[in-house]
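User: I am new to this structure. Could you show me how to read its features, one at a time?

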Amino acid sequence: MNFTLRQLEFYIALAETLQISKAANRCHISQSSMTVAMRNLEEALNSQLFIRHPKGVQLTQAGERFLIHARKIVMNSHVALEDLQNQPETASGTVRIGIAETLSAYLLPNILSDIKNRFPLMEIIFEEAASPVLVSALRQKQFDFCLLLTSNINHDADLQIETFIRSQRKLWTPIGHPLLSQSMLTLSDVEKYPFLLLVTDEYAEVFQDYWQSRRCIPDVHFRTNSFEAIRSLVAQGKGVTILSDLVYRPWSLDGLRVVRRTIDDCITYMDVGVVNTKAAVLSPDSKRLVDFLRQRITRISDGQ
């Protein structure tokens, strides 16, 4: 089994656009070259990754699973190159960072080792809490800065907010759900089905405001601050939810499939970034760390 990084990059582009023409345009190659590359990749893997239809392609279950690995392989190749080029920083001192609960679970495990390797002499202390608690502590100078869901907090005049990435929110359903077969999907379609509502990081307030602005009312059957509970219940067919790509995983803990789909009239994002007060001045160590986090978090987003 032999395949190239270039083939994986083509595959990721096609998996994200679901159209040969769009994927070829993104990768700056001809449609015929894209078609041949994907056929060769399937032959190398001895597995069907796509189902072809007149309007484009659809990932098979094997294709969904391989997409996860392809993204990791491409991302790790970038990490390897950067590792050879980047030397550890000599900055020392202590930096205290407040971090949102969602990011503590889905972002921090992916970047903590890289941070330690890049800043081996620096003491970096993360503290997880609800966003209002973190912002209050930030104003009291208990943190140097915070990593928060910048889409889910008030953009008060005294705050300095920089958004690093925007992760689109999509509908999550089990396999075979009726909403997946609709050619056009709207928020009013979603409100007809049992809804599972995440309440972590002020998500409930943010999204309920959006529902109300669209004059829709979700049929909420269950509220929880557990992502895994939501994922498992969706996979079991107990309801649907709307969450961002950053926290999406295609399989529940009990091995059942979760499928995601864009809602055509509901394009919203979970934004991730750094927050500080305008009155505070970042130390040189904190500035170096923020620059590194910006680069690293953006790379994770590109791998989604």
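User: What is the phi of Gly237, and which helix does Gly237 follow?

Analyst: Start with the ground rules. This is a predicted model, where local features need pLDDT of at least 70, side-chain atom pairs count only at pLDDT 80 or more, and totals for chains, interfaces and linings use all residues. Residues are numbered from 1 along each chain as its sequence is written, and side-chain values use heavy atoms, leaving out hydrogens and water. Helices (H or I, at least four residues) and strands (E, at least two) are DSSP runs, numbered from the N terminus. Here, Gly237 follows helix 10, and its phi is positive, near 80°.

User: Which residues of helix 10 are buried?

Analyst: Buried means under 20% relative accessible area, with a 1.4 Å probe and protein chains only. In helix 10 (residues 227-235), these are Phe227, Ile230, Arg231, Ser232, Val234 and Ala235.

User: What covers the buried residues of helix 10?

Analyst: The cover includes helix 5 (101-106) and strands 6, 7 (194-198), 8 (219-224), 9 and 10. Contact here means heavy atoms within 4.5 Å.

User: How many bridges join strand 6 to strand 11?

Analyst: Two strands pair if DSSP finds at least two bridges between them. Strand 6 (residues 159-174) and strand 11 (residues 269-277) pair antiparallel over 9 bridges. Ile161 stands opposite Val275 there.

User: Which residue of strand 9 is the bridge partner of Arg169?

Analyst: That is Ser244. Strand 9 (residues 241-244) pairs antiparallel with strand 6 over 4 bridges. Strand 10 (residues 258-261) also runs antiparallel to strand 6, joined by 4 bridges. In strand 10, Val258 partners Pro174.

Definitions and conventions. Buried means under 20% relative accessible area, exposed over 50%, partly exposed in between (1.4 Å probe, protein chains only).
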